[in-house]
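Below is a short note for a colleague who has not worked with this structure before. Please read the points with the model open beside them.

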Amino acid sequence: MNYINNEVLNLPVLPLRGLVVFPKTLLHFDVGRDKSQKAINIAMKRDQQIFLVAQKNPSTKDPISSELFRMGVVANIIQVIKQPDGATRVIVEGQQRAHIIEYIDNEKCLFAQVETISEMHEISTAREVALIRSVKELFETYSKFVPKLSSDVMFKVAMSEDGGELADFITANVVPEYNDKQLILETKDICERLETLIDILNQEIYILEIEDEISAKAREHIDEQQREYFLREQRNIIESELGEGESPSYEADDYIEKIKALKLDDTSETSLIKECRKLSKMPFGSQEAAVIKTYIETVLDLPWNTSTKDKLNLKTVKSKLEKNHYGLTKVKERIIEQLAVRKLNPDIKGQILCLVGPPGVGKTSIAQSVADSIGRKSARIALGGVHDEAEIRGHRRTYIGSMPGRIMAAVKSAGTNNPLLILDEVDKLGSDYKGDPSSALLEVLDAEQNNKFIDHYIDIPFDLSKVFFITTANDASTIPAPLYDRMEIIHIDSYTREEKFNIAKKHLIPKQLKENGLDSKAVKFTSSAIYSMIDSYTKEAGVRRLEHEIAKAMRKFAVIYVNGEETSIKFTDKNISDYLGVKRYIGDKLSAKDEIGIVNGLAWTSVGGTLLPIEVAVMEGTGKINLTGSLGDVMQESAQAAITCIRSHAEMLGIDPDFYKNKDIHIHAPEGAVPKDGPSAGITMTTAIYSALSMRSVKREIAMTGEITLRGKILPIGGLKEKSMAAYKAGVKTVYIPKDNVPDLQELDPVVKEAIKFIPCETFTDVIFNATVEPIVVKEKKNVVLPKGAVSTAATVRQ
């Protein structure tokens, strides 16, 4: 940056005492001297320009020209305000540096001929950039010692890139000595000005560090001596007046007796007694004494030696479970097994069960019923959304407001050392910078480690091996693998239609009658009404929504009953819509007739099974394959496998082997807005493709499920229980299933097994030769056994 002398001006001079004004800065000050006020008046009458210069000695009342510095600032007067005491307040804005050439005689005030100095901006050199960075770093260090600096100053320093302006701005706002300010003002070269400022800032920082050190030592001295003395004297006076000076000692002795009565291990007992000794030396009412007292009382409140005796009458327990819950056979059997083993071996360690199933199927309620049936105290711990490890292990006592974790709090709430703890929604644990609570649960749910569980707040071992843990989850895949490995998983399937009917009839309706203040004489539900609510008003895996609908119907009738319009009602499938509104769901229905290219598949959903018809259309074309209906990747691959399977058996099936060249095939799954995926529709798509290519109708009252391979084998699938219930509801008479799924038939509802004929199949020919209305004629080959249902070309075809 270069400097040039611009112009020579004749300006009134205003001497400043202890003030230095810089270019581009705004400043206000009071003017009391007569000559200074006259200089301002002259400037206001002219162009409002005035020359501001600092006087060498601030104490000089009426300085002459030799007592003023030569370098100053040409400024514009922004505003002049007359004060009541006769002084004048002036607001000025610095414009540019100027130095005095000579003084001009003037009787009223000082007048001088000055020459302005303008800065020519050029590209900053590397040295200047380095100096700017150094200045900014020093300023940041300086600001840490002076927290009262305004955010505007901090922002402007951070954003400034011009070395000259940066030096002027920091000097004007930070440097306390006006001599140092004058030195910066007189330094024309930018780099020299920045170097000078660096020296000044280093000196200021050094002084501030010393001041801070002195202040810290002074505070420490006061804290250690004077403050301690005054507080001790005040404490003695208060204790003397209240007569409570000795109570902590008495309390400590009482605590020690209770601790010894617990018969804890030596290490734990010694640790607690040490806390009591510390409490006895504390003054009454001190904050630390209150913390220690709360800790000791919390430890003493834990059920170290209190336990309940299990009711091991298996018949009674089974009867109670059956009474409170319909279905859930696997859970009940596992509980009975657990009690039988405990009866044979009372010292068996606590077991950890995990009930996995969709919402509303009774996971939490069955766990509470287990506790009631075996006579154990229970406590529920909701883990959904917990993302702090301290929620499980507790907070250390060094923190204000610290407390035990949820595990120890639940044990304390239960009041026994062998309760049944229900860890609800274990799959919804979170984790963040505060830790991973699922990792903290590893010790809790490990029967080999939890006999010495240490809560951060309690800080001494507690035996959790006697606790019966039952956890619940909706999705087992989200449970961390180490935690999953420590639990015995019991899957609870969604309720079938018949199970929902029985639960509503035996549990939900009586419960809602009681809650709504009605009785069974006034309100009756027919079986058709219950089935209607299940089929047309709910679509869920559990029964929560069904209970809401039952309650809604009762509330509607309660209004009628209170108004005296009717005294009783009988809900049927015909009048239930008057109370619940229009039907929200339409059940699956079979086609009215046998059709070509339409086959009933079966699908599993989180709310139960459903009928999944597959439609196939074959058109003249060039071999294009269209897949529609929101099909997932796996289902699209199943469709490709089905086409390849048919193509590889085309000759045997009597289909044009070149259909993949001259036919376009469109495969569609209705309800296109609903995403669908999985391999179990493979045999369904295979049958539908064959039907469309051979122009043979498929029987309307059959359904099928199974994964297809390229060679035509049918592989096992899951969810047979739910799929079979969907077939039963839709009126299906025959269901083709994979042969490997035959063992799963034992879990089906007896009503379903009685109404539906299940046919196990190994290959796709076992299905298509029996599913079509017209018999299939295959070409007879030597030494080949014809599939069941197939007709040889040598035989007479009869329909």
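1. Where is the place of Ser606? Ser606 sits in the loop between strand 17 and strand 18. Helices (H or I, at least four residues) and strands (E, at least two) are DSSP runs, numbered from the N terminus. Ser606 is partly exposed, with a relative accessible area of 49%; buried means under 20%, exposed over 50%, and partly exposed in between, with a 1.4 Å probe and protein chains only. Ser606 and Pro359 are 247 residues apart in sequence, and their C-alpha atoms are 9.3 Å apart in space.

2. On the source: this is a predicted model, in which local features need pLDDT of at least 70 and side-chain atom pairs count only at pLDDT 80 or more, while totals for chains, interfaces and linings use all residues. Residues are numbered from 1 along each chain as its sequence is written, and side-chain values use heavy atoms, with hydrogens and water left out.

3. The largest pocket holds about 1200 Å³ of space. A pocket here is an open set of points, on a 1 Å grid over the protein atoms alone, with protein on both sides within 12 Å along at least five of seven lines; a cavity is a set of points where a 1.4 Å probe fits but cannot get out, and lining residues have an atom within 4 Å of a point. Grid points are joined across faces, edges and corners, and a volume is the space filled by probe spheres set on the points. The largest pocket has 46 lining residues, and Lys539, Asp588, Gly609, Thr610 and Leu611 lie nearest its centre. Two or more lining residues come from each of helix 17 (497–515), helix 18 (527–536), strand 17 (598–605), strand 18 (608–620) and helix 25 (720–730). Strand 18 gives the most, with 7 residues. The lining of the largest pocket has 21 nonpolar, 11 polar and 14 charged residues; Ala, Val, Leu, Ile, Met, Phe, Trp, Tyr, Cys and Pro count as nonpolar, Asp, Glu, Lys and Arg as charged, and the others, Gly among them, as polar.

4. The second largest pocket has a volume of about 590 Å³. It is lined by 26 residues, and His325, Gly360, Val361, Gly362 and Ser365 are the closest to its centre. Helix 10 (314–324), helix 12 (363–374), helix 17 and helix 19 (544–562) each give two or more residues to this lining. The largest share, 5 residues, comes from helix 12. By class, the lining of the second largest pocket divides into 7 nonpolar, 11 polar and 8 charged residues.

5. The whole structure has 3 cavities of 30 Å³ or more. The largest cavity has a volume of about 70 Å³. Its lining includes Ser591, Lys593, Val698 and Arg700, and strand 17 supplies the largest share of that lining, 3 residues. The classes in the lining of the largest cavity are 4 nonpolar, 2 polar and 4 charged.

6. Glu701 lies in the loop between strand 21 (697–698) and strand 22 (702–704). Glu701 is partly exposed, at 32% relative accessible area. The C-alpha atoms of Glu701 and Asp594 are separated by 8.5 Å, although the two residues are 107 residues apart along the chain.

7. A search of the whole structure finds 24 salt bridges, a salt bridge being a side-chain nitrogen of Lys or Arg within 4 Å of a carboxyl oxygen of Asp or Glu. Glu391 forms one with Arg406, the closest N and O atoms being 2.9 Å apart. This pair links helix 13 (residues 390–393) with helix 14 (residues 406–414). Glu443 forms a salt bridge with Arg393, at 3.1 Å between the closest N and O atoms. Here Glu443 is in helix 15 (residues 437–444) and Arg393 in helix 13, 50 residues apart. Glu443 is buried at 16% relative accessibility, and Arg393 is buried at 16%.

8. Gln48, not a glycine, has a positive phi of about 70 degrees. Gln48 is in the loop between helix 1 (34–45) and strand 3 (49–54). Asp459 has a positive phi near 65 degrees and is also not a glycine. Asp459 lies in the loop between strand 10 (453–454) and strand 11 (461–462).
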